[in-house]
Amino acid sequence: MAVRHQLIRRSPQDVWDVLADPVRYGDWVVGPSKSTPLDRHWPAPGARLRYTVRLGPWTGEGVTTVRHREPGRELELEASFGPLGTARILLELRPWGEETLVICDEHPLRGPAGALHNPVSETLLQLRHRGMLARLAKVVEQEHAGARHP
């Protein structure tokens with residue numbers, strides 16, 4: 001189970017505003033090159049978005065579904081990538097003074113990805129999370145650059 005954290009120099013609400021915008025998904029998630037909301041009520045439970053992943057000449061699509069949310073605190077997703085299976089991704093936002101500690105917890109849930117989960121795939125998830133959380137911090141901090149912060 002890959003768990004990683006990132007301190008973001010903005011409030012939990014500022015971070016939530018980015019997480020709650022399905023069009024911004026491709027700005028901070030490592031992997032997808034494009035995302036399209038399939039439902040208007042993102043990030044309500046059951047809401048979905050389609051994402052596209054490109055690796056060289058190869059292109060694939062997947063769907064991410066919101067499974068649970070506590071606005072401003074938690075967003076739990078199930079990312080599906082066809083025959084490879086699904087992953088559970090929990091993004092938890094904890095106030096840290098005037099900043100936000102974001103904790104990302106991801107693990108395979110269904111399909112072959114779970115059966116093939118091993119220390120190598122765990123390491124790859126950790127690297128992906130490092131990039132993803134750094135990108136999230138950059139997006140949130142740049143978006144709210146004019147906001148007052150110590």
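Reader: How many cavities of 30 Å³ or more come up here?
Author: This is a predicted model, in which local features need pLDDT of at least 70, side-chain atom pairs count only at pLDDT 80 or more, and totals for chains, interfaces and linings use all residues. A cavity is a set of points, on a 1 Å grid over the protein atoms alone, where a 1.4 Å probe fits but cannot get out; points are joined across faces, edges and corners, and a volume is the space filled by probe spheres set on them. With a threshold of 30 Å³ or more, the number of cavities comes to two.

Reader: What volume does the largest cavity have?
Author: Tyr25, Trp28, Val29, Leu77, Ile89, Leu91, Glu106, Arg128 and Met132 line the largest cavity, lining meaning an atom within 4 Å of a point. The space those residues surround has a volume of about 50 Å³.

Reader: Which elements give two or more residues to that lining?
Author: Tyr25 and Trp28 are among the lining residues, and α2 covers 25–28. Ile89 and Leu91 are in the list too, with β6 running over 86–96. Arg128 and Met132 also line this cavity, and α4 spans 119–143. So, with helices (H or I, at least four residues) and strands (E, at least two) taken as DSSP runs numbered from the N terminus, the elements are α2, β6 and α4.

Reader: How many charged residues sit in the lining of the largest cavity?
Author: Asp, Glu, Lys and Arg count as charged, Ala, Val, Leu, Ile, Met, Phe, Trp, Tyr, Cys and Pro as nonpolar, and the others, Gly among them, as polar. Seven of the lining residues are nonpolar and none is polar. Glu106 and Arg128 are both in the lining, and the charged count is two.

Reader: And the second largest cavity: which elements give two or more residues to its lining?
Author: The second largest cavity has a volume of about 30 Å³. Its lining is made by Val18, Leu19, Asp21, Tyr25, Trp28, Trp42, Leu75 and Leu77, with seven nonpolar, no polar and one charged among them. Val18 and Leu19 are on that list, and α1 covers 12–19; the elements asked for are α1, α2 and β5 (74–80).

Reader: How many nonpolar residues line the largest pocket?
Author: The lining has eight polar and two charged residues. Its nonpolar residues number 18.

Reader: Which residues does proline 45 touch, beyond four places away in sequence?
Author: Residues are numbered from 1 along each chain as its sequence is written, and side-chain values use heavy atoms, with hydrogens and water left out. Proline 45 sits in the loop between β2 (32–37) and β3, and is partly exposed at a relative accessible area of 49%. Its C-alpha lies 9.0 Å from that of leucine 77, which is 32 residues away along the chain. In contact terms (heavy atoms within 4.5 Å), proline 45 touches Val66, Arg67 and Arg69.

Reader: What is omega for the cis peptide bond in that stretch?
Author: Proline 43 also lies in the loop between β2 and β3. A cis peptide bond joins it to tryptophan 42, and omega is about 5°.

Reader: Zooming out, what pattern do the elements follow along the sequence?
Author: The protein has four helices and seven strands, and its C-alpha trace spans about 45 × 35 × 30 Å along the principal axes. Buried residues are 45% of the 150. Read along the sequence, the pattern is β-α-α-β-β-β-β-β-β-α-α.

Key
1 Å grid on protein atoms, 1.4 Å probe; cavity = no way out; pocket = protein on both sides within 12 Å on 5 of 7 lines; lining within 4 Å. Buried < 20%, exposed > 50% of the residue type's maximum accessible area, 1.4 Å probe, protein only.
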